[in-house]
Amino acid sequence: MLGICRGRRKFLAASLTVLFVPAITWIYLFAGSFEDGKPVSLSPLESQPHSPRYTASSQRERESLELRMREVEEENRVLRKQLSLAQSRGPAHHRGNHSKTYSMEEGTGDSESLRAGIVAGNSSECGQQPAVEKCETIHVAIVCAGYNASRDVVTLVKSVLFHRRNPLHFHLIADAIAKQILATLFQTWMVPAVRIDFYDADELKSEVSWIPNKHYSGIYGLMKLVLTKTLPSNLERVIVLDTDITFATDIAELWAVFHKFKGQQVLGLVENQSDWYLGNLWKNHRPWPALGRGYNTGVILLLLDKLRKMKWEQMWRLTAERELMSMLSTSLADQDIFNAVIKQNPFLVYQLPCFWNVQLSDHTRSEQCYRDVSDLKVIHWNSPKKLRVKNKHVEFFRNLYLTFLEYDGNLLRRELFGCPSEADVNSENLQKQLSELDEDDLCYEFRRERFTVHRTHLYFLHYEYEPAADNTDVTLVAQLSMDRLQMLEAICKHWEGPISLALYLSDAEAQQFLRYAQGSEVLMSRHNVGYHIVYKEGQFYPVNLLRNVAMKHISTPYMFLSDIDFLPMYGLYEYLRKSVIQLDLANTKKALIVPAFETLRYRLSFPKSKAELLSMLDMGTLFTFRYHVWTKGHAPTNFAKWRTATTPYRVEWEADFEPYVVVRKDCPEYDRRFVGFGWNKVAHIMELDAQEYEFTVLPNAYMIHMPHAPSFDITKFRSNKQYRICLKTLKEEFQQDMSRHYGFAALKYLTAENNS
């Protein structure tokens with residue numbers, strides 16, 4: 001409606017101009033021919049030099065008026081032409097009245113005299129208002145490699161999603177690590193009107209590996225040069241962003257700038273805000289050639305179709321080869337080569353206003369890009385120091401960045417009303433499953449949790465693992481929330497092998513964990529620990545989902561299914577590897593039981609041997625696990641036999657049995673219907689038994705549960721009757737499912753439950 005009103009106002013203004021400007025002009029000229037109430041003749045015959053009315057000034061005035069009259073007539077002719085065109089395009093205004101129009105502020109920043117031609121080319125025609133259609137897809141390309149860059153991309157994407165009003169298509173040039181992390185993240189994020197495509201960065205290495213690069217971004221810092229070749233041939237334009245970018249406005253405003261490109265302009269860039277390319281930072285400083293201050297490539301607008309026609313690939317390669325003969329290597333990766341090309345071909349660049357890339361490295365002129373908060377569009381942390389950079393307003397910028405860093409990503413799953421979304425099979429299946437649930441069911445929230453998709457960020461920290469040559473390696477698997485974070489260092493000291501942990505955290509808590517881990521010498525010295533963040537959603541602790549996430553992402557053939565509250569005995573890792581060989585776990589369905597004990601003391605002198613542990617049992621310092629409150633959970637382990645056992649022994653499944661076991665990585669997952677407290681491990685052990693796993697107790701292995709405050713979920717279980725009723729209902733439904741799946745063999749579970 002707003003667009004229609006503006007169109008009518010323009011039409012009316014043009015009509016009035018055509019009608020009244022000539023009349024006003026002639027009235028003005030006619031009035032000017034009277035002096036003292038008498039007509040003044042404009043005829044040169046009547047105005048002789050000897051006449052007192054004739055002066056040089058009046059002659060110049062008459063000539064000026066005649067010139068102005070001719071100009072007005074010419075303007076009228078142009079206006080009539082525009083008016084007729086507007087009338088002929090009238091219906092088009094109605095077809096396009098759903099588009100959103102962004103008025104782009106013009107500005108090219110400070111420029112040296114040698115940039116005059118470019119600046120002149122950047123000025124737009126008066127009144128030009130490039131438009132971005134409401135449902136037009138905006139394409140964004142990002143090069144991302146490794147664990148740290150994957151975290152940075154999430155913050156960048158959050159800032160874009162927060163402001164966006166258009167569908168987005170992200171083109172991620174990623175290595176294998178980043179692809180695994182980000183593919184899982186976006187698949188579980190399920191943001192409407194967002195499409196993700198991945199391009200193998202490792203396949204592109206050969207395209208740029210011949211260029212020596214000193215920049216900390218390494219070989220991946222050169223890959224923006226080959227985007228014309230990498231991205232789909234039918235993609236005409238794309239916004240290219242570094243991972244250390246934060247948006248403070250709708251990205252559609254930047255996309256609209258493409259409409260301002262003229263002639264051969266194919267690159268949209270902001271001037272570099274440091275003195276790097278001026279070559280005066282230190283003695284003998286010799287940067288790559290650039291136009292004046294050069295341009296920063298943290299934000300690039302690429303007209304891909306025109307670049308391909310210009311043979312961009314050949315252009316940058318020839319330039320790089322020529323300059324490398326004297327420069328030997330790049331210092332700022334792709335930015336050096338982009339600037340060298342622009343130096344030779346200045347007509348290629350459209351200079352963006354500097355608020356589209358406010359560069360926060362040390363000693364920049366970024367403060368000249370803004371006078372007020374409303375001026376900020378894009379913030380670029382382009383210093384290796386990142387948030388520790390020196391800047392007059394760094395606290396403000398840091399707080400803005402931290403806002404998106406800790407922002408709840410679940411809130412960004414909002415629909416774009418009026419824009420059709422591509423059919424998402426996962427989303428449709430989820431909606432179908434949820435629609436089949438009875439919302440009046442008192443256990444509805446329990447049932448719903450089974451289908452909730454939790455946003456998941458795999459390998460939140462750097463991870464390295466070298467497979468064992470003998471193929472006997474074992475990963476410790478556990479899950480935790482923020483209140484168990486203090487157990488991590490102790491577990492790492494007790495278990496030297498690989499660990500896979502699923503952490504149930506909010507976005508803000510994930511950043512607290514990151515700071516905690518980075519400040520811990522113990523955790524930072526361990527690279528074989530995989531930390532997988534499962535973001536909070538819903539009212540229950542999804543314990544079995546967390547276990548499944550941790551199990552799914554192990555790199556070893558075997559896993560030790562533990563809990564975060566337990567400390568394994570010193571040397572358990574090596575003992576389990578030997579047991580795997582001894583008991584032929586590779587070729588048999590066995591579950592090796594590690595006997596569980598507990599202490600009620602917060603300070604414990606941890607037993608260094610089985611003999612020492614037995615002594616502490618006799619003294620009452622240690623107990624068999626849950627001896628006082630839930631003996632059935634571990635009674636089948638047969639602790640009396642274990643005291644004197646020297647060889648592994650087999651035990652039979654009994655009702656409510658929930659030992660901690662070592663199994664092959666192909667064992668069944670935990671059942672997701674069990675959340676919070678109760679039956680989450682019991683159901684899993686029952687299914688192992690149904691699949692004919694043999695339970696074998698290890699005679700020289702043990703683990704000890706450390707005391708802690710009761711969890712929120714066990715408190716709810718104890719205080720909420722409906723919670724206990726729902727848990728009982730879920731248990732019965734699980735047993736019925738077991739009977740349907742495993743047939744006659746599963747009937748014993750119903751009988752055992754009734755007799756217990």
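At 24% relative accessibility, Asp275 counts as partly exposed, a class that lies between buried (under 20% relative accessible area) and exposed (over 50%), with a 1.4 Å probe and protein chains only. The structure is a predicted model, in which local features need pLDDT of at least 70 and side-chain atom pairs count only at pLDDT 80 or more, while totals for chains, interfaces and linings use all residues. Residues are numbered from 1 along each chain as its sequence is written, and side-chain values use heavy atoms, without hydrogens and water.

Asp275 forms a salt bridge with Arg293, with 2.4 Å between the closest N and O atoms; a salt bridge is a side-chain nitrogen of Lys or Arg within 4 Å of a carboxyl oxygen of Asp or Glu. Both partners lie in the loop between β10 (267-271) and β11 (295-303), 18 residues apart. Helices (H or I, at least four residues) and strands (E, at least two) are DSSP runs, numbered from the N terminus. Arg293 is buried, with a relative accessible area of 9%.

By the salt-bridge rule, the count comes to 36. Another of these pairs is Glu406 with Arg515, where the closest N and O atoms are 3.8 Å apart. Glu406 is partly exposed at 30% relative accessibility, and Arg515 is partly exposed at 47%. Glu652 and Arg650 also meet in a salt bridge, at 3.7 Å from N to O, and both residues are exposed. A network of salt bridges links Lys158, Asp408, Arg455 and Asp507.

Phe451 lies in the loop between α15 (444-449) and β15 (456-457). The residue is partly exposed, with a relative accessible area of 22%. Apart from neighbours within four places in sequence, Phe451 is in contact (heavy atoms within 4.5 Å) with Leu430, Gln433, Leu434, Leu437 and Arg672. The C-alpha atoms of Phe451 and Leu434 are separated by 7.4 Å, and the two residues are 17 residues apart along the chain.

A surface patch of negative charge gathers Asp438, Glu439, Asp440 and Glu445. Patches are made of residues with over 30% relative accessible area and no salt bridge, like charges being joined within 9 Å and nonpolar side chains (Val, Leu, Ile, Met, Phe, Trp, Tyr) within 5 Å. Asp and Glu count as negative. Asp440 lies in the loop between α14 (425-435) and α15 and is exposed, with a relative accessible area of 69%.

Technical notes: Accessible areas come from the Shrake-Rupley method with a 1.4 Å probe; for residues, only the protein chains shown count as cover. The place of a charge is taken as NZ of Lys, CZ of Arg, CG of Asp or CD of Glu.
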